[in-house]
Amino acid sequence: MTSQELALACAQAADNAKATDIAVYDLRGSSNLTDFAIVCTATSVPHLRAVLRNIDEEIEEKFNVAAVYAERTPNALWSVLDYIDVMIHVMAAEVRDFYSLEQFWKPENRIDWTPEH
């Protein structure tokens, strides 16, 4: 599995859990931390937990890959799953707006992807 395939699978898993405004960024060659970053929005603390759980379960089940680190702080309204080559940020809308992570990445690095339904 390539890092791009993993990133798209994580984005799909987030979509399957009804995360919104899912953005996938290809950071290969421009980041020392990861190849791909995903940012998505959850509507509440329970929803944030559900998105994290769904990504964990789908990726483990389909690809036998587990996050090497997970910052699970849903009450802070921002949690991260780190698969080394792919990092997923699940955030509440107000936290996402406040921190504006996406300002650090070039718009042309955003990947167009279509969720499978």
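This is a predicted model: local features need pLDDT of at least 70, side-chain atom pairs count only at pLDDT 80 or more; totals for chains, interfaces and linings use all residues.
Helices here are DSSP runs of at least four residues, numbered from the N terminus.

Start with helix α2. At the start of α2, a side-chain oxygen of S44 reaches to within 3.2 Å of the backbone nitrogen of H47.

What about the length of α2? The helix covers residues 45–63, which is 19 residues. At 1.5 Å a residue, α2 should span 27 Å. The C-alpha atoms at its ends are 27 Å apart, so the two agree.

Next, which residues of α2 are buried? The buried ones are V45, H47, L48, V51, L52, N54, I55, D56, E58 and I59. And what covers them? The cover includes helix α1, residues 3–16, along with β2 (36–42), β4 (78–82) and β5 (86–92).

Let's take α1 and α2 as a pair. Two packed helices are described by the angle between their axes and the distance between the axes. Here the axes of α1 and α2 come within 8 Å. They cross at roughly 135°. Parallel, antiparallel, perpendicular or oblique? Angles over 145 degrees would count as roughly antiparallel, and 65 to 115 as roughly perpendicular, so the crossing falls under the rest, oblique. That is why α1 and α2 are called oblique to each other. The crossing is right-handed. On the α1 side, the contact is made by L6, A9, C10, A13, A14 and N16. On the α2 side, the residues are V51, N54, I55, E58, I59 and F63.

Now two single residues. First, H89. H89 sits in strand β5. Its relative accessible area is 10%, and the cut-off for buried is under 20%, so H89 is buried. The side chains of H89 and W78 are joined by a polar contact of 3.2 Å. Leaving aside residues up to four places away in sequence, H89 touches I38, V39, C40, W78, S79, V80 and L101.

Second, R28. Where is R28? R28 lies in the loop between β1 (20–26) and β2. R28 has a relative accessible area of 43%, which makes it partly exposed. Its side chain makes a polar contact of 2.6 Å with the side chain of D26. Again leaving aside residues up to four places away in sequence, R28 touches S3, Q4, D35 and F36.

Definitions and conventions:
Residues are numbered from 1 along each chain as its sequence is written. Side-chain values use heavy atoms; hydrogens and water are left out. Helices (H or I, at least four residues) and strands (E, at least two) are DSSP runs, numbered from the N terminus. The expected span of a helix is 1.5 Å times one less than its number of residues. Buried means under 20% relative accessible area, exposed over 50%, partly exposed in between (1.4 Å probe, protein chains only). Contact means heavy atoms within 4.5 Å. A polar contact is a pair of N or O atoms within 3.5 Å; within protein, one must be able to donate a hydrogen and the other to accept it, and residues adjacent in sequence count only if both atoms are side-chain atoms. Axes are lines fitted to C-alpha atoms, for helices over the stretch in contact, and angles run from 0 to 180 degrees between N-to-C directions. Angles under 35 degrees count as roughly parallel, over 145 as roughly antiparallel, 65 to 115 as roughly perpendicular and the rest as oblique. A crossing is left-handed if the near helix is turned anticlockwise from the far one by less than a right angle, and right-handed if clockwise.
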